[in-house]
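Please load the model in your viewer and keep the sequence panel open. The tour goes from one selection to the next and says what is there.

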Amino acid sequence: MSDPNDSTSTDDGASLSSTFLEFCDKVRKDDPSILPAPGQSLRINQLCEKESMELADALLENTSVTYLTLKTEHYTKSSAEAMAKYLRTSKRLQSIRLYTKGMMRDGRLLQQRDEIKCSLLMPAVQESTSLQKLNIDFPLIGGPSNLAFENMLTHTHCLQSLTLHVGDRLEAKAVAAVRSGLKKNTTLRELMLDFTQDATQVSPMLTSLRDHPLLRRLCLYGHVVDLTGLDTLLLSETSKITELDIRGCNVVPIVGLTRTLQALQRRPALTK
């Protein structure tokens, strides 16, 4: 833990090292020597179950952390529940990044991690009264995790910014859940879709935003290969979109590009 903003451990969970306990004590006491500068993220990587639980408990007493980055691929039910308690009760946390390093080839393990991350952490995000920004990998697997994600989008209290990292293995049920959640959401001001692979099937997500009451900014990043549905959103009379940011169009031809350009000519409300 030489970098105070990047805690890393290979402990098997049998015991907590004195160094880690000292770090958690400093987190409890808002010690500036181990905390990030204002607006910067406190990064937590590769903690075992006991370490994750101890850190979550320490964060409950912290009053200065506003931005948290968590690597969740090793989360167990107990460690996810401990972090969920922190997310529910924190009055300071404004932004969180939940991510998995690399791609998991084991489908069963991927499903287990997805269930833990979404089914336990998403209800906590939903109930948070401080969290405004969520940055998360797209829930690939259908089932309870997608329902939890849909419910979070539908019932969140204060979430204003959402970033979804979208891979190429999109199940229809997962797409439908996110589409439904976005359609029912009433809090988002900006949505970022980061395509980590040549993702398709995004049209339902784009068209679901055409009646959104507050969404102003839409960003499409990464491997942008399909803009189908964007023209429908831009031509909607009820859409509030004023800012559009598209980057990473490195594949030719781009599906739906012509219709998108035509729609842009007919949207005077777009200011950027």
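**Stop 1: helix H1**

Select Glu 22 and Lys 26, which both lie in helix H1, 4 residues apart, about one turn of the helix. Helices here are DSSP runs of H or I with at least four residues, strands are runs of E with at least two, and both are numbered from the N terminus.

Before going on, note that this is a predicted model, in which local features need pLDDT of at least 70 and side-chain atom pairs count only at pLDDT 80 or more, while totals for chains, interfaces and linings use all residues. Residues are numbered from 1 along each chain as its sequence is written, and side-chain values use heavy atoms, with hydrogens and water left out.

Glu 22 forms a salt bridge with Lys 26, and their closest N and O atoms are 3.7 Å apart. The term salt bridge stands for a side-chain nitrogen of Lys or Arg within 4 Å of a carboxyl oxygen of Asp or Glu. Side chains of opposite charge can pair when their charged atoms come close. Glu 22 is partly exposed at 45% relative accessibility, and Lys 26 is partly exposed at 24%. For these classes, buried means under 20% relative accessible area, exposed means over 50%, and partly exposed is in between (1.4 Å probe, protein chains only).

Stay in helix H1 (residues 18–28) and select Phe 20 and Phe 23, which are 3 residues apart and so separated by about one helical turn. How many aromatic pairs does the rule give? The count comes to 1 aromatic pair. Phe 20 and Phe 23 form this tilted pair, at 6.3 Å centre to centre with 35° between the planes. Rings of Phe, Tyr and Trp (its six-membered ring) pair if their centres lie within 6.5 Å; planes under 30 degrees apart are stacked, over 60 edge-to-face, and the rest tilted. Both Phe 20 and Phe 23 are buried.

**Stop 2: a salt-bridge network**

The whole structure has 14 salt bridges. Select Asp 245 and Arg 217, a salt bridge with its closest N and O atoms 3.9 Å apart. This pair links distant parts of the chain, 28 residues apart: Asp 245 is in strand S9 (residues 243–246) and Arg 217 in strand S8 (residues 217–222). Is Asp 245 buried or exposed? Asp 245 is buried, at 13% relative accessibility, whereas Arg 217 is partly exposed at 22%.

Next, select Glu 243 and Lys 272, whose side chains meet in a salt bridge (3.9 Å, N to O). Glu 243 lies in strand S9 and Lys 272 in the segment after helix H9 (257–265), so the pair ties together parts 29 residues apart in sequence. Lys 272 is exposed, with a relative accessible area of 66%. Salt bridges with shared partners join Glu 190, Arg 217, Glu 243, Asp 245, Arg 247 and Lys 272 into one network.

**Stop 3: Glu 190**

Glu 190 is buried, with a relative accessible area of 17%. Leaving aside neighbours within four places in sequence, Glu 190 is in contact (heavy atoms within 4.5 Å) with Gln 160, Ser 161, Leu 162, Leu 215 and Arg 217.
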